[in-house]
Amino acid sequence: MMVPNKDHKPNDYSETDFYPRPSHADWTYLKKYGVKASSGGGRASARETIGRVAAGSIAEKYLKQVHNVEIVSFVSSVGKAKLECLGSITDDTKSKEFFDLIQNVTRQDVDVTPTRCPDKKTAELITQEIMRRKEENNSIGGTITCVIRNCPIGLGEPCFDKLEAKLAHAMLSIPATKGFEIGSGFLGTQLSGREHNDAFVSDGKGGLRTVKNHSGGIQGGISNGENIYFTVAFKPAATISVTQETATYDGKTGTLETRGRHDPCVASRAVPIVESMAALVIME
């Protein structure tokens with residue numbers, strides 16, 4: 001599968017011949033491989049994810065048609081603008097509205113707004129946040145929440161191949177990611193064991209299911225049949241048009257002025273990448 005790039009502008013990156021860009025991979029790639037990517041990051045650029053999305057779309061189609069597995073991702077926060085249903089810590093960790101959302105949200109709901117946030121009120125706040133950063137020639141980070149529904153029981157292995165470890169590996173391989181949490185995540189650390197434990201009840205079909213799903217659909221590294229849900233954090237885009245004082249490759253202090261087309265927030269664009277990587281993990 002080949003995707004031609006017909007809209008490239010390599011001259012926009014001429015400054016990188018002299019400066020390693022702050023928070024980019026220019027310096028580490030040079031030290032490790034002895035080369036500089038003269039056209040915007042090379043293998044560290046999110047351009048490479050087009051192959052992941054192409055492969056992931058095939059995997060996702062198979063999972064849906066053969067196993068009825070559904071994967072939906074959405075932007076859950078940008079800067080300080082976030083879905084209200086993420087809420088604060090309670091005995092149920094996340095609000096009922098959150099669990100209703102991950103149970104019912106569809107691609108159509110997500111794609112209603114350019115921000116790919118399914119809640120219109122939050123989407124408007126996110127839009128305002130992004131536009132404010134754009135006007136400042138700056139950038140802002142965000143989070144993407146993903147749910148995998150109808151995942152069969154038994155995926156994952158003990159120790160090094162736990163399903164959540166595979167998902168974390170896949171998600172943190174995406175450019176600009178800085179964090180991963182599954183189930184109750186970091187909020188779960190504020191609960192006692194009694195509050196956090198997932199009690200079992202009959203599923204009415206001869207099996208069991210959990211009451212709260214704090215585990216995020218995975219226990220002992222193995223899928224338990226509940227919805228698998230996790231959140232991925234994306235840093236603010238490192239390439240910004242604000243003049244930055246930094247050092248050249250030979251250590252001299254100077255100012256870097258980055259040109260070109262750069263997103264003020266990468267979260268909205270990364271939604272299909274997260275879905276594709278999730279599909280590839282489940283498919284594997």
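Let me begin with a term: a residue is called partly exposed when its relative accessible area lies between the buried class, under 20%, and the exposed class, over 50%. Arg-116, at a relative accessible area of 26%, is therefore partly exposed. Please keep in mind that this is a predicted model.

Arg-116 forms a salt bridge with Asp-111, and the closest N and O atoms of the two are 3.4 Å apart. Asp-111 is itself partly exposed, with a relative accessible area of 46%. In general, side chains of opposite charge can pair when their charged atoms come close, and here the count comes to 17 salt bridges.

Another of these joins Lys-166 and Glu-284, at 3.8 Å from N to O. This pair links distant parts of the chain, since Lys-166 sits in helix α6 and Glu-284 in the segment after α8, 118 residues apart. Lys-166 is partly exposed at 29%, whereas Glu-284 is exposed at 72%.

Glu-226 and Arg-209 also meet in a salt bridge, at 2.9 Å from N to O, and they connect the loop between β8 and β9, which holds Glu-226, with strand β6, which holds Arg-209. Is Glu-226 buried or exposed? Glu-226 is buried, with a relative accessible area of 7%, while Arg-209 is partly exposed at 41%.

Key: Residues numbered from 1 in each chain as written. Predicted model: local features only at pLDDT ≥ 70, side-chain atom pairs only at ≥ 80, totals over all residues. Heavy atoms only, no water. Salt bridge = Lys/Arg side-chain N within 4 Å of Asp/Glu carboxyl O. Buried < 20%, exposed > 50% of the residue type's maximum accessible area, 1.4 Å probe, protein only. Helix = DSSP H or I, 4+ residues; strand = E, 2+ residues; numbered from the N terminus.
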